[in-house]
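Subject: Structure handover

Hi,

Here is the structure I promised to pass on. Please open it alongside this email.

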Amino acid sequence: MEERELLPHLFRTEYRKIVAVLCYLFGIEHIEIAEDIVSDTFLSATESWAIKGLPENPTAWLYTVAKNKTKNYLKRNSLFEQKLAAEIKYNTEKTEEIEIDLSTKNISDSQLAMIFTVCNPVISSESQVALALNLLCGFGIQEIADAYLTNKEVVYKRINRAKEKLKSASIKIEEPTLADINNRLETVLTTVYLLFSEGYYSTSQNTIVRKDLCAEAMRLCYLLIENERTNTPAVNALFALMSFHSSRFEARINENGETILYQDQDETLWNQELINQGRYFLNNASTGNQLSKYHLEAGIAYWHTQKEDSNDKWENILQLYNHLLILEYSPIAALNRTFALAKTNGKKEAIIEAEKLNLKENHFYYSLLGNLYTDIDNKKARAHFETALQLAGSNADKATINRNIERIESSL
Amino acid sequence: MNEFLIVIHRDLTSKDAKPSPEQMQAAIKPFQDWIGGIAAQNKLVTPPKRWESEGRVVGQNNVVTNGPYAEIKESIGGMLTIRASDYDEAVEIAKGCPIIQWGAKVEIRMAVPTE
């Protein structure tokens, strides 16, 4: 790796690890101190490496400097020493010197503890995602603002409010107990999936940030797989789901950052390695007797990796959507289910079912109706697409609908 | 919106029962599609379960016999609960039950709204 790329890379991989370890050590009240120490460590690295050149082992250098800075901070700040150091000493059963443990195991334990802290239901899921990006993924405020298509101010406030809430609720950063895992793993998975979706479905044109979000969500999920106690079938299913989705990342966005619809994608751009990875983890997920929504969604995503239309493919997708809706209703699943129904049972039956859905605020609903009426009643189809156009918000959605209208007009 | 109990009665006891086991097999997909369609409208409250066709019946003096009732041709084959605004809508939904064509009967009962 080139020297000038090394530091940003290390920032991406190591910042969050050291922050997690220090937060785990200091507790929720002192998150900012942990962040300051780590930021300061990277600042020292920038200065020192520019003058003296790269150290032999840059990561070890960062860890040593972070440790020293923490110790100095504790020595310097007597108030902090009295209040916090006493606690740490008590907790670590050390009497003389505070040990800052940056071993692989402690990093992994700290990150797991942090995931469960950040995904605490006292803060909204939106805040959980922002905080996860900031603390667990080392994303800067600007990067998060880019991903959310909002400004720094908004993100800054959201993150600070979330931190304050965690502090005032005295949430402990600690190893999750088995009960915590049982109660909260679902929330954790929801946040991880939201993080992924934020990147995958974002209307942001910034493809690099979007890919990063997806990669970070997968990394957090993999962290759960690596830990024996959180390595549940649902976690494996979610990882499989994200692998299948990611496999189409290159194929679903054109050079202008616009979405290319599934049926128009060049499947030679689908990433076979990620598809195989998805299969492997879906297979791992097929144990136990709990069928989570991630199993069903991963199954649906798996069938979408088969480009060729076959009755078998759409029948499986339809039944998986039926199951998914029985488990948990969502408008998008209802619409996709009806699309699959058209493929298996024919457009006429699907139109009857679609008209029962009554999702009159949803532009996808009218696009679905437009799609179903195409070649059956093209005038109706066009009218539905035009309603969809009025309801659609993003330019990408409008462009897609306009393409459909053009297609119909050429045949009217 | 009101809650409705949908009970599917079918012949489990006659030798030449309709729907027959073959017909029930053929009804699996239409049945799943029917339930999926209700769920897609966000009107499914409790999904149906698969119940064994054998059971127990407790009568007077704690007499326990193997069920279902031998003297009645229509036993409970399945049940679910749905949301609908009135009986008309609930009946429309129930008409979609794919085994009615083979003689099953679907009973619809509205939950009495709690005050």
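Below are my notes on it, by topic.

This is a predicted model: local features need pLDDT of at least 70, side-chain atom pairs count only at pLDDT 80 or more, and totals for chains, interfaces and linings use all residues. Residues are numbered from 1 along each chain as its sequence is written, while chains are lettered from A and ligands numbered from 1 in the order in which they are written.

Chain B overall

Chain B has 3 helices and 6 strands. Helices (H or I, at least four residues) and strands (E, at least two) are DSSP runs, numbered from the N terminus. The order from the N terminus is β-α-α-β-β-β-β-α-β. The C-alpha trace of chain B spans about 40 × 40 × 20 Å along its principal axes. Chain B holds 115 residues, and 25% of them count as buried. Buried means that 20 or more other C-beta atoms lie within 10 Å of the residue's own; exposed means 12 or fewer, partly exposed is in between, and C-beta atoms are placed from the backbone. Among contacts in chain B with a separation of 6 or more, 74% join residues 24 or more positions apart. Two residues are in contact if their C-beta atoms, placed from the backbone, lie within 7 Å.

The A/B contact

Chain A contributes 12 residues and chain B contributes 11. On the chain B side, helix H2 (residues 28-40) gives the largest share, 7 residues. By class, that side of chain B has 5 nonpolar, 5 polar and 1 charged residues. Here Ala, Val, Leu, Ile, Met, Phe, Trp, Tyr, Cys and Pro count as nonpolar, Asp, Glu, Lys and Arg as charged, and the others, Gly among them, as polar.

Backbone points to check

Most residues other than glycine have a negative phi, and most peptide bonds are trans. B:Lys18 and B:Pro19 are joined by a cis peptide bond, with omega about -5 degrees. B:Pro19 sits in the loop between strand E1 (2-10) and helix H1 (21-26) of chain B.

B:Asn61 is not a glycine, yet its phi is positive, about 60 degrees. Its loop runs between strands E3 (55-58) and E4 (64-67) of chain B. B:Asn61 counts as exposed because it has 5 C-beta neighbours inside 10 Å.

A:Asn358, also not a glycine, has a positive phi of about 60 degrees. A:Asn358 lies in the loop between helices H17 (347-357) and H18 (363-373) of chain A. With 12 other C-beta atoms within 10 Å, A:Asn358 is exposed.

Best regards
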